[in-house]
Amino acid sequence: MRSPFAYSNTSPEGFRAVAPADPVRVRSETIMPNTVLIGAQWGDEGKGKIIDVLTAQADMVVRYQGGSNAGHTVVVAGRKFVLHLVPSGILHPGKTCVIGNGVVVDPLALIAEIRMLEQEGVTVRGRLTVSDRAHLVLRYHNALDTADEAARGDSKRIGTTGRGIGPAYRDKVCRCGLRMGDLLERDFPERLAANVVDANRALTALGAVPLDAAGLQKTYAEAAQVLAPYIADTIEIVHAADRAGSSILFEGAQGTMLDVDFGTYPFVTSSSPTSGGACIGTGIAPNRIQRVVGVIKCYTTRVGEGPFPTELTDALGEDLRQRGGEFGATTGRPRRCGWFDAVVGRYAQMVNGVDLWAFTKLDVLDTLPVIRICTAYELDGRNITTMPASLAAFQRCRPVYEEMPGWLQATSRITRYEDLPLQARAYIERLVQLIGGKLGVLSVGPGRETTLRLGL
Ligand code: IMP
């Protein structure tokens with residue numbers, strides 16, 4: 001990605017303008033470069049909090065993939081918001097928000113979220129637009145998600161969130177999906193009914209209960225009326241904002257290891273959470289993105305099934321879960337916990353082009369006398385630092401660890417990086433050295449004030 005900016009991990013802004021490559025796009029030192037924010041692990045890295053911090057510098061926040069499988073938790077003035085579809089920028093007055101074409105949108109979930117926000121006093125109308133090209137998640141997608149999972153059985157179950165994500169993306173790729181813009185067309189009820197016939201055939205074959213097309217037609221006709229003012233051509237909206245010199249934040253959901261191409265396939269989600277997904281999922285061109293921020297936890301978690309080399313299945317894993325509050329924001333499921341995996345981090349740095357890292361949840365490790373870092377995998381007697389494509393090979397990988405001393409001291413009240421215990425700084429600096437990129441943020445607690453900013 002071409003960048004008119006030079007970055008420094010020591011300046012408080014994290015970048016300074018030098019000789020802009022594009023004369024139309026002259027930015028001052030205080031303006032944030034267009035930024036993609038991604039998760040580097042298996043989701044739940046704490047992106048919501050970092051997005052919230054970055055949103056203060058952005059004019060527009062755009063979601064580009066996933067759907068209501070995501071759950072971004074943001075605490076504002078002591079109030080906790082969990083957002084599944086609407087970008088968390090909505091919690092900052094004056095910011096505009098976009099749900100891009102790459103997102104799959106459950107219209108009923110979106111309406112529920114808009115209503116929840118408005119009840120909490122947040123203005124949504126006039127500040128949120130949803131792409132007319134975004135595919136719909138309809139009730140039959142949820143039913144198929146659940147039925148598919150049941151049919152896979154224990155050994156092949158993906159552990160999806162049950163939000164209809166896979167079946168909705170399947171319809172998109174099969175070219176039979178219905179899109180947000182279709183919701184407003186006269187022939188929508190007819191097209192919906194045709195899809196329900198097909199879905200019912202599949203549901204019946206899976207032993208699940210078929211759905212009533214007439215009931216769904218009525219439900220979605222009502223939803224269309226509510227959502228009509230929000231549906232627009234967001235490609236034009238995003239480009240107009242960019243032309244006007246606005247700072248745009250592209251907000252990724254899930255994480256690199258859940259990416260349908262780069263993750264632990266088939267134990268992945270059905271979209272592209274990596275930075276490249278921002279182009280496909282919004283219509284922004286690669287050379288209009290100037291910075292990639294990666295969010296990564298100081299240890300690793302995963303929710304759902306699939307391989308996880310550094311998983312701790314013992315009391316220590318349980319301790320991390322409790323201390324880190326590692327329970328899913330969307331499903332409430334307990335997250336699997338383990339040591340930091342630098343092979344994953346290095347891979348994520350590479351495929352996303354991470355410029356700056358936001359490390360989160362350092363404080364969760366405060367009580368550990370010894371901390372392990374996975375620096376390589378042992379695969380069939382050989383050490384590797386690359387990510388195997390084959391699931392069978394990945395399942396055979398054993399972590400190779402190095403150990404570092406813990407700091408055995410509370411860090412969550414520390415507000416300056418320099419004031420952290422020496423061992424804590426040594427740990428973070430070792431992680432950055434192993435995975436590449438630069439340190440931009442270190443988070444030591446859930447609130448905004450617990451964010452130590454270095455280069456971001
Ligand atoms: P789906 O996205 O619901 O199809 O689920 C596929 C896999 O991605 C499952 O392992 C889910 O647990 C995981 N997943 C989906 N969304 C998230 C998320 O926001 N955080 C963490 N894991 C997720």
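This is a predicted model: local features need pLDDT of at least 70, side-chain atom pairs count only at pLDDT 80 or more; totals for chains, interfaces and linings use all residues.
**Ligand site, core and backbone geometry**

Asp44 sits in the loop that runs between strand S3 (35-39) and helix H1 (47-55). Most residues other than glycine have a negative phi. With a relative accessible area of 22%, Asp44 is partly exposed, given that buried means under 20%. The side chain of Asp44 also has an N or O atom 3.2 Å from a nitrogen atom of the ligand.

A polar side-chain atom of Thr269 lies 2.6 Å from a ligand oxygen, and an N or O atom in the side chain of Arg333 is 3.0 Å from an oxygen atom of the ligand. On its own, the ligand has 470 Å² of accessible area, and the protein covers 96% of it. In total, 15 residues surround the ligand, and the closest are Asn69, Thr161, Thr269, Val303 and Arg333. Sorted by class, the shell around the ligand is made up of seven polar, six nonpolar and two charged residues.

The largest nonpolar core has 51 residues, of which Phe250, Phe359, Leu362, Tyr427, Ile428 and Leu442 touch the most other members. Helix H12 (residues 422-435) gives the most to this core, contributing six residues. The core lies between domain 1 (35-132 + 230-291) and domain 3 (297-453), because both domains give residues to it.

Lys361 is found in the loop between strand S17 (356-360) and strand S18 (370-379). Lys361 counts as partly exposed, at 23% relative accessibility.

The other feature concerns a peptide bond. Most peptide bonds are trans. The bond from Tyr265 to Pro266, however, is cis, with omega near 5°. Pro266 is placed in the loop between strand S12 (248-251) and helix H8 (277-280).

Technical notes: Residues are numbered from 1 along each chain as its sequence is written. Side-chain values use heavy atoms; hydrogens and water are left out. A residue is near a molecule or strand if one of its heavy atoms lies within 4 Å of it. A polar contact is a pair of N or O atoms within 3.5 Å; within protein, one must be able to donate a hydrogen and the other to accept it, and residues adjacent in sequence count only if both atoms are side-chain atoms. Accessible areas come from the Shrake-Rupley method with a 1.4 Å probe; for residues, only the protein chains shown count as cover. Ala, Val, Leu, Ile, Met, Phe, Trp, Tyr, Cys and Pro count as nonpolar, Asp, Glu, Lys and Arg as charged, and the others, Gly among them, as polar. A nonpolar core is a set of buried Ala, Val, Leu, Ile, Met, Phe, Trp, Tyr and Cys residues joined through side-chain atoms within 4.5 Å. Buried means under 20% relative accessible area, exposed over 50%, partly exposed in between (1.4 Å probe, protein chains only). Helices (H or I, at least four residues) and strands (E, at least two) are DSSP runs, numbered from the N terminus. Domain bounds come from an automatic or database domain assignment.
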